[in-house]
Amino acid sequence: MAIVKRYSGNPILTPRDIPYEVATVHNAAVTQFDGEYIMLFRSHQLNGRSILGLARSADALNFKAENHPFLVPAKKGEAAVYEEYGVEDPRITCIDNVYYITYSAYSRHGVRIGLAKTTDWKKVERISFITQADYRNVVIFPEMFNGNYIRLDRPHSEISPWSIWISYSPDLIHWGNSKLIMKPEKYHWDEMKIGPGAPPINTKAGWLHIYHGVFPTMDGSVYRLGVALHDLSDPSKIIGVGDEWILQPEEPYERTGYVHNVVFTCGAIKLNDSVVRIYWGAADSVMCVGDANIDDLVDLCLNKSRHPMGGT
Ligand code: BMA
């Protein structure tokens, strides 16, 4: 039995649904605002560089894109320097009614993470860049812990496989006390690299973190999703990591597209105490959605687990 049940109407958003010209619609963050669902999606433009667009939905399944992009590379100031090659893969975290957006900012200087905020999903304000190069996949927890914000991040690494770290901040801008908490496992579906996916979801058993893992093959890399469970009061403690993936490219729109064999998440929503709705970009081309039972994900982390640091 598939642990993530795909929605029968997949894909739910494609380039044809976007009122301006784009080549792809993928890797979207999703949140709830004012009685509706907001999807902030990445699109390649026809020059191969990415922008972020916004779509709205009443039911978390049928999304309608706005007429204009939401966040495009800045034209002036410091942001223009670091967003020259595009903005990608957003994540959204809501804390005290402020929606914080982390996104990858690409430029000739590498990739770093930008932090922006909005309170109305009409205006967006850049706050700061919160990493140097080369970082991707920064997800912020939706609450504070003893006066600190906490994020999971993924620095670039060539010495050891790309891994997941945790960092702390009193103000969302200055981050430190970084610590490695989770590594790929050798000869395993995530052996090449792992990265934070959706901002963690609060459950009775712990914080559920849906992440991506990559396996190299003769036919290129395969991107899949997995799940880890973090301690509720100290997320640096990982209670368990599911040994098996929870989603892999299987449907035609996941297996072929702009980049083949990719499922990649930037957002999930807790629909109620028992169901989490996961959104994923398929083949870097279209957006898809599916539901999983929280108990099944927790059970995988607790009862079919592998060591968080690999090497079992
Ligand atoms: C990663 C990122 C993602 C992308 C994935 C598959 O390195 O660039 O944005 O979805 O590759 O192409």
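**Exercise 1.** In this predicted model, find which residue V4 stands opposite in β21.

*Solution.* 
Step 1. Locate the strand β21 at residues 286–293.
Step 2. Look across from V4: the residue opposite is A292.
Step 3. Check the direction of pairing. β1 and β21 are antiparallel, and three bridges join them.

**Exercise 2.** Work out the strand order of the open sheet, then state which strands stand at the edges.

*Solution.* 
Step 1. Trace the four strands: the order is β1-β21-β20-β19.
Step 2. Note the sense of the pairing, which is antiparallel.
Step 3. Find the edges. β1 (4–6) and β19 (263–270) each have a single partner strand, so one side of each has no neighbour in the sheet.
Step 4. From one strand to the next, it averages 30°.

**Exercise 3.** Identify the strands that helix α3 lies across, and give its angle to β21.

*Solution.* 
Step 1. Find α3 at residues 294–303.

**Exercise 4.** Decide whether T131 is buried or exposed, and describe its surroundings.

*Solution.* 
Step 1. T131 sits in the loop that links β9 (125–129) to β10 (135–140).
Step 2. Apply the cut-off. Buried means under 20% relative accessible area. T131 has 6%, so T131 is buried.
Step 3. List its contacts. Leaving aside residues up to four places away in sequence, T131 touches R112, I113, V138 and R151.
Step 4. Look at the side chain of T131. It reaches the backbone nitrogen of I113 at 2.9 Å.

Key: Residues numbered from 1 in each chain as written. Predicted model: local features only at pLDDT ≥ 70, side-chain atom pairs only at ≥ 80, totals over all residues. Heavy atoms only, no water. Helix = DSSP H or I, 4+ residues; strand = E, 2+ residues; numbered from the N terminus. Buried < 20%, exposed > 50% of the residue type's maximum accessible area, 1.4 Å probe, protein only. Polar contact = N/O pair within 3.5 Å; in protein donor to acceptor, adjacent residues only side chain to side chain. Contact = heavy atoms within 4.5 Å. Pairing = 2+ DSSP bridges. Axes fitted to C-alpha atoms, helices over the stretch in contact; angles between N-to-C directions.
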